[in-house]
Amino acid sequence: MGSYGKVPEAVIRRMPKYYRYLSDKLLQGEERISSSRMSEELGMNASQIRRDLNCFGGFGQQGYGYSIGKLRDEIAAILGLDRAYGAVIIGAGNIGQALVHYSGFACEKFRIIGVFDVRPEAIGKTVAGCAIRHVQTLAEFARQNRVDLGIICTPKEAAQETASMLCRLGVRGIWNFAPTDVEVSRGVRLENVHLSDSLYVLLYHMKQQGDLTEGTK
(Lines give C-alpha, C1' and ligand atoms only; values in the text may rest on other atoms or scores of the structure.)
Protein backbone atom coordinates (compact mmCIF):
# COMPACT_ATOMS: atom_id res chain seq x y z
CA MET A 1 0.00 0.00 0.00
CA GLY A 2 1.35 3.42 -0.91
CA SER A 3 1.00 6.90 0.50
CA TYR A 4 -2.52 8.33 0.54
CA GLY A 5 -1.66 11.97 1.06
CA LYS A 6 -3.42 13.91 3.79
CA VAL A 7 -6.27 11.80 5.15
CA PRO A 8 -8.47 13.45 7.81
CA GLU A 9 -7.85 12.14 11.32
CA ALA A 10 -11.58 11.46 11.76
CA VAL A 11 -11.48 9.09 8.76
CA ILE A 12 -8.44 7.25 10.13
CA ARG A 13 -10.18 6.78 13.48
CA ARG A 14 -13.19 5.19 11.79
CA MET A 15 -11.12 2.59 9.93
CA PRO A 16 -10.64 0.25 12.95
CA LYS A 17 -14.42 0.18 13.36
CA TYR A 18 -14.81 -0.97 9.74
CA TYR A 19 -12.05 -3.54 10.23
CA ARG A 20 -13.69 -5.08 13.31
CA TYR A 21 -17.08 -5.11 11.63
CA LEU A 22 -15.81 -6.85 8.49
CA SER A 23 -13.80 -9.34 10.55
CA ASP A 24 -17.00 -10.33 12.34
CA LYS A 25 -18.79 -10.74 9.01
CA LEU A 26 -16.06 -13.06 7.76
CA LEU A 27 -16.37 -15.18 10.89
CA GLN A 28 -20.11 -15.43 10.17
CA GLY A 29 -19.33 -16.80 6.70
CA GLU A 30 -20.49 -13.80 4.69
CA GLU A 31 -18.74 -12.85 1.44
CA ARG A 32 -20.25 -9.63 0.09
CA ILE A 33 -21.80 -6.52 1.61
CA SER A 34 -23.16 -3.17 0.45
CA SER A 35 -22.41 0.23 1.92
CA SER A 36 -26.13 0.65 2.66
CA ARG A 37 -26.18 -2.48 4.81
CA MET A 38 -22.95 -1.42 6.50
CA SER A 39 -24.55 1.94 7.28
CA GLU A 40 -27.63 0.31 8.82
CA GLU A 41 -25.66 -2.05 11.03
CA LEU A 42 -22.96 0.46 12.00
CA GLY A 43 -25.40 3.33 12.53
CA MET A 44 -23.58 5.51 10.01
CA ASN A 45 -24.37 7.29 6.75
CA ALA A 46 -23.71 5.14 3.66
CA SER A 47 -22.21 8.07 1.73
CA GLN A 48 -19.86 8.72 4.64
CA ILE A 49 -18.62 5.12 4.51
CA ARG A 50 -18.03 5.37 0.76
CA ARG A 51 -16.19 8.69 1.15
CA ASP A 52 -14.02 7.23 3.90
CA LEU A 53 -13.04 4.24 1.78
CA ASN A 54 -12.49 6.40 -1.30
CA CYS A 55 -9.74 8.23 0.60
CA PHE A 56 -7.69 5.07 0.07
CA GLY A 57 -8.92 4.05 -3.38
CA GLY A 58 -12.05 2.40 -4.77
CA PHE A 59 -12.75 -1.02 -3.30
CA GLY A 60 -16.33 -1.70 -4.41
CA GLN A 61 -18.37 -1.90 -7.60
CA GLN A 62 -21.62 -0.07 -8.32
CA GLY A 63 -24.52 -2.43 -7.69
CA TYR A 64 -22.18 -5.19 -6.56
CA GLY A 65 -20.97 -3.96 -3.21
CA TYR A 66 -17.76 -4.99 -1.49
CA SER A 67 -15.97 -8.28 -1.19
CA ILE A 68 -15.78 -8.58 2.59
CA GLY A 69 -12.53 -10.52 2.62
CA LYS A 70 -10.79 -8.22 0.16
CA LEU A 71 -12.00 -5.05 1.86
CA ARG A 72 -11.00 -6.33 5.28
CA ASP A 73 -7.52 -7.16 3.97
CA GLU A 74 -7.21 -3.76 2.30
CA ILE A 75 -8.13 -2.00 5.55
CA ALA A 76 -5.70 -4.23 7.46
CA ALA A 77 -2.93 -3.06 5.11
CA ILE A 78 -4.03 0.56 5.48
CA LEU A 79 -3.82 0.24 9.26
CA GLY A 80 -0.47 -1.52 9.07
CA LEU A 81 -1.83 -4.83 10.30
CA ASP A 82 -0.12 -6.71 7.46
CA ARG A 83 3.26 -6.64 9.21
CA ALA A 84 4.69 -7.71 12.57
CA TYR A 85 5.46 -5.35 15.44
CA GLY A 86 7.49 -5.78 18.59
CA ALA A 87 6.42 -3.81 21.67
CA VAL A 88 7.68 -3.27 25.19
CA ILE A 89 5.59 -2.33 28.19
CA ILE A 90 7.05 0.01 30.80
CA GLY A 91 5.17 -0.42 34.06
CA ALA A 92 3.95 -3.85 35.14
CA GLY A 93 1.04 -2.70 37.26
CA ASN A 94 -2.60 -3.53 36.67
CA ILE A 95 -2.90 -1.89 33.25
CA GLY A 96 0.45 -3.20 32.06
CA GLN A 97 -0.36 -6.76 33.07
CA ALA A 98 -3.81 -6.55 31.51
CA LEU A 99 -2.23 -5.55 28.19
CA VAL A 100 0.25 -8.43 28.37
CA HIS A 101 -2.65 -10.85 28.82
CA TYR A 102 -4.76 -9.34 26.02
CA SER A 103 -5.11 -12.11 23.42
CA GLY A 104 -6.16 -9.80 20.59
CA PHE A 105 -2.60 -8.61 20.01
CA ALA A 106 -1.42 -12.00 18.75
CA CYS A 107 -4.14 -12.02 16.09
CA GLU A 108 -2.76 -8.79 14.62
CA LYS A 109 0.94 -9.80 14.50
CA PHE A 110 1.55 -7.57 17.50
CA ARG A 111 3.88 -9.09 20.08
CA ILE A 112 4.78 -7.96 23.57
CA ILE A 113 8.47 -8.85 23.63
CA GLY A 114 9.44 -7.27 26.94
CA VAL A 115 7.98 -5.97 30.20
CA PHE A 116 9.89 -3.53 32.41
CA ASP A 117 9.45 -1.99 35.83
CA VAL A 118 11.46 -0.33 38.62
CA ARG A 119 9.88 -1.95 41.67
CA PRO A 120 12.16 -4.53 43.30
CA GLU A 121 9.19 -6.74 44.19
CA ALA A 122 8.13 -6.93 40.51
CA ILE A 123 11.53 -7.69 38.93
CA GLY A 124 11.91 -11.35 37.98
CA LYS A 125 8.23 -12.20 38.11
CA THR A 126 6.61 -13.64 34.99
CA VAL A 127 3.51 -12.27 33.29
CA ALA A 128 2.02 -14.41 30.49
CA GLY A 129 5.43 -15.86 29.78
CA CYS A 130 7.28 -12.52 29.90
CA ALA A 131 9.82 -12.06 32.68
CA ILE A 132 9.67 -8.57 34.16
CA ARG A 133 13.02 -6.83 33.76
CA HIS A 134 14.40 -3.71 35.42
CA VAL A 135 13.94 -0.64 33.25
CA GLN A 136 17.68 0.00 33.48
CA THR A 137 18.16 -2.99 31.15
CA LEU A 138 15.84 -1.60 28.48
CA ALA A 139 18.57 0.08 26.42
CA GLU A 140 20.53 -3.16 26.12
CA PHE A 141 17.33 -5.06 25.35
CA ALA A 142 16.49 -2.59 22.56
CA ARG A 143 19.93 -3.07 21.03
CA GLN A 144 19.35 -6.82 20.86
CA ASN A 145 15.70 -6.77 19.76
CA ARG A 146 13.59 -4.82 17.32
CA VAL A 147 11.33 -2.57 19.38
CA ASP A 148 8.78 -0.75 17.24
CA LEU A 149 6.45 0.47 19.95
CA GLY A 150 6.72 1.53 23.57
CA ILE A 151 3.69 1.23 25.85
CA ILE A 152 3.78 3.47 28.92
CA CYS A 153 1.86 2.20 31.94
CA THR A 154 3.82 4.05 34.61
CA PRO A 155 2.59 6.44 37.30
CA LYS A 156 2.07 10.02 36.15
CA GLU A 157 5.36 11.23 37.60
CA ALA A 158 7.47 8.84 35.53
CA ALA A 159 5.60 9.13 32.22
CA GLN A 160 7.55 11.92 30.51
CA GLU A 161 10.94 10.53 31.51
CA THR A 162 9.86 7.15 30.15
CA ALA A 163 8.65 8.68 26.90
CA SER A 164 11.93 10.53 26.43
CA MET A 165 13.89 7.35 27.07
CA LEU A 166 11.84 5.43 24.49
CA CYS A 167 12.41 8.18 21.94
CA ARG A 168 16.16 7.98 22.51
CA LEU A 169 16.01 4.23 21.91
CA GLY A 170 14.46 4.78 18.50
CA VAL A 171 10.92 3.50 18.90
CA ARG A 172 8.56 4.54 16.11
CA GLY A 173 5.46 4.93 18.25
CA ILE A 174 4.39 5.41 21.87
CA TRP A 175 1.06 4.30 23.35
CA ASN A 176 0.69 6.19 26.60
CA PHE A 177 -1.66 4.92 29.31
CA ALA A 178 -0.23 7.07 32.10
CA PRO A 179 -2.75 9.59 33.49
CA THR A 180 -1.00 12.52 31.82
CA ASP A 181 -0.06 13.62 28.32
CA VAL A 182 3.57 13.25 27.26
CA GLU A 183 5.65 14.87 24.54
CA VAL A 184 7.77 12.93 22.05
CA SER A 185 10.54 13.62 19.57
CA ARG A 186 9.84 14.62 16.00
CA GLY A 187 9.06 11.56 13.89
CA VAL A 188 7.69 9.48 16.79
CA ARG A 189 3.95 8.89 16.67
CA LEU A 190 2.06 9.28 19.95
CA GLU A 191 -1.33 8.17 21.20
CA ASN A 192 -2.32 9.35 24.68
CA VAL A 193 -5.01 7.10 26.15
CA HIS A 194 -7.01 8.50 29.05
CA LEU A 195 -9.24 5.69 30.26
CA SER A 196 -11.29 8.05 32.42
CA ASP A 197 -12.25 10.37 29.54
CA SER A 198 -14.82 8.05 27.95
CA LEU A 199 -16.21 7.31 31.42
CA TYR A 200 -16.66 11.04 32.08
CA VAL A 201 -18.45 11.45 28.75
CA LEU A 202 -20.70 8.49 29.58
CA LEU A 203 -21.49 9.95 33.01
CA TYR A 204 -22.29 13.31 31.41
CA HIS A 205 -24.82 11.74 29.05
CA MET A 206 -26.30 9.67 31.89
CA LYS A 207 -26.73 12.83 33.93
CA GLN A 208 -28.31 14.71 31.02
CA GLN A 209 -30.69 11.82 30.40
CA GLY A 210 -31.53 11.68 34.08
CA ASP A 211 -32.17 15.43 34.25
CA LEU A 212 -34.38 15.22 31.16
CA THR A 213 -36.35 12.29 32.61
CA GLU A 214 -36.84 14.07 35.93
CA GLY A 215 -37.93 17.21 34.09
CA THR A 216 -40.76 15.33 32.35
CA LYS A 217 -42.28 13.93 35.53
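Is Cys167 buried or exposed, and at what relative accessibility? At 13% relative accessibility, Cys167 counts as buried, a term for residues under 20% relative accessible area, with exposed meaning over 50% and partly exposed in between (1.4 Å probe, protein chains only). The legends below describe a predicted model, in which local features need pLDDT of at least 70, side-chain atom pairs count only at pLDDT 80 or more, and totals for chains, interfaces and linings use all residues. Residues are numbered from 1 along each chain as its sequence is written, and side-chain values use heavy atoms, with hydrogens and water left out.

**View A. Cysteines without disulfides.** A disulfide is taken as a pair of cysteine sulfur atoms within 2.5 Å, and the count by this rule is zero. The closest cysteine sulfur to that of Cys130 belongs to Cys153 and is 13 Å away, too far for a bond. Cys167 is likewise in no disulfide, the nearest cysteine sulfur being that of Cys153, 16 Å away. Cys130 is buried, at 14% relative accessibility.

**View B. The largest nonpolar core.** A nonpolar core is a set of buried Ala, Val, Leu, Ile, Met, Phe, Trp, Tyr and Cys residues joined through side-chain atoms within 4.5 Å. The largest one has 21 residues, of which Met15, Tyr18, Met38, Leu53 and Ile75 touch the most other members. Two or more residues each come from α1 (9-27), α2 (35-42), α3 (46-54) and α4 (68-78); here helices (H or I, at least four residues) and strands (E, at least two) are DSSP runs, numbered from the N terminus. Helix α1 gives the largest share, six residues. With residues up to four places away in sequence left out, Ile75 touches Met15, Tyr18, Tyr19, Leu22 and Leu53, contact meaning heavy atoms within 4.5 Å.

**View D. The surroundings of Asp148.** Asp148 is located in the loop between α7 (138-144) and β7 (149-152). Its relative accessible area is 6%, so Asp148 is buried. Not counting residues up to four places away in sequence, Asp148 is in contact with Ala84, Tyr85, Gly86, Val171, Arg172 and Gly173.

**View E. Leu199 in helix α9.** Leu199 belongs to helix α9, which spans residues 195-215. At 42% relative accessibility, Leu199 is classed as partly exposed.
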